[in-house]
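Subject: Structure for you to look at

Hello,

Here is the structure I promised to send over. Please open it alongside this note; my findings follow below.

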Amino acid sequence: MSATPSPAAGQPTGSATEPIYQERLWPNFWVWLIAAGVSGAVIFVLAPISLTTGYIAAVVTALILGFLLFISTPRITVTDRSLQVGRAQIEREFIGAVEGFRGDAAVEQRGPRLNATAYQCIRGWISPVVKIEITDQADRTPYWLTSTRRPEQLVAALGQPSQSLQ
């Protein structure tokens, strides 16, 4: 969450655009390490042609991979009126039950218990997940399942009592 000053007494505590909860699902250290290793391997591939070309290509490859990792990192944003997970957005009035899962329960939600029609924003390097029921009758998606490093806080931000994570 951003470190913004709290509003003065008597003023509204939030607007439709002010985030209640924000999280970016950044790749873990080992993903960045793999990107660096791939970039370093470019040097060995191009070294027989020219060592200078290899170094330049490695830097360009590192920049491209870093940029791709950056732009492909989804964001979870909760405001007073909406929830956005990655590219998907829904009005909060259409959100039903919200549950957080850790450990084996999270693995179950991502695997055997997963409904194929659910919207998923899953990252393999983030184990906990939150399941968000969709109550919109016009939407065939039964629920959203998203990875999060802070499931308790996301559940609380969506206005649900913090359930004990299984």
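Start with helix H2, residues 51-71: seven residues of a nonpolar surface patch come from this helix, the largest share. Keep in mind throughout that the model is predicted. The patch covers about 860 Å² and is made by Trp26, Trp32, Ile56, Val60, Ile64, Phe67, Leu68, Phe70 and Ile71. Take isoleucine 64, which is found in helix H2. Its relative accessible area is 46%, so it counts as partly exposed.

Four bridges pair E1 with strand E2 (residues 75-78) in the antiparallel sense. To find this pairing on screen, go to tyrosine 21: its bridge partner in E2 is valine 78.

Another open sheet of four strands runs in the order E5-E7-E8-E6, and here the pairing is mixed. Its edges are strand E5 (95-101) and strand E6 (119-121). Again, each edge strand has a single partner, so one side of each has no neighbour in the sheet. Neighbouring strands are turned by 15° against each other on average, direction ignored. Strand E7 (residues 129-134) and strand E8 (residues 143-147) run antiparallel and are joined by five bridges. Valine 129 has serine 147 as its bridge partner in E8. Helix H3 (residues 103-110) lies across E5, E7 and E8, at about 50° to E7.

Last, the charged pairs. The count comes to two salt bridges.

- Arginine 102 pairs with glutamate 152, with the closest N and O atoms 3.1 Å apart. The arginine sits in the loop between E5 and H3, and the glutamate in helix H4 (residues 151-157), so the pair ties together parts 50 residues apart in sequence. Arginine 102 is partly exposed, at 32% relative accessible area. Glutamate 152 is partly exposed too, with 32% relative accessibility.
- Arginine 113 and glutamate 108 meet through their side chains in a salt bridge, 3.7 Å from N to O. Arginine 113 has 57% relative accessibility and so counts as exposed. Glutamate 108 has 34%, so it counts as partly exposed.

Best wishes

Technical notes: Residues are numbered from 1 along each chain as its sequence is written. This is a predicted model: local features need pLDDT of at least 70, side-chain atom pairs count only at pLDDT 80 or more; totals for chains, interfaces and linings use all residues. Side-chain values use heavy atoms; hydrogens and water are left out. Two strands pair if DSSP finds at least two bridges between them. Helices (H or I, at least four residues) and strands (E, at least two) are DSSP runs, numbered from the N terminus. Patches are made of residues with over 30% relative accessible area and no salt bridge: like charges are joined within 9 Å, nonpolar side chains (Val, Leu, Ile, Met, Phe, Trp, Tyr) within 5 Å. Accessible areas come from the Shrake-Rupley method with a 1.4 Å probe; for residues, only the protein chains shown count as cover. A salt bridge is a side-chain nitrogen of Lys or Arg within 4 Å of a carboxyl oxygen of Asp or Glu. Buried means under 20% relative accessible area, exposed over 50%, partly exposed in between (1.4 Å probe, protein chains only). Axes are lines fitted to C-alpha atoms, for helices over the stretch in contact, and angles run from 0 to 180 degrees between N-to-C directions. Contact means heavy atoms within 4.5 Å.
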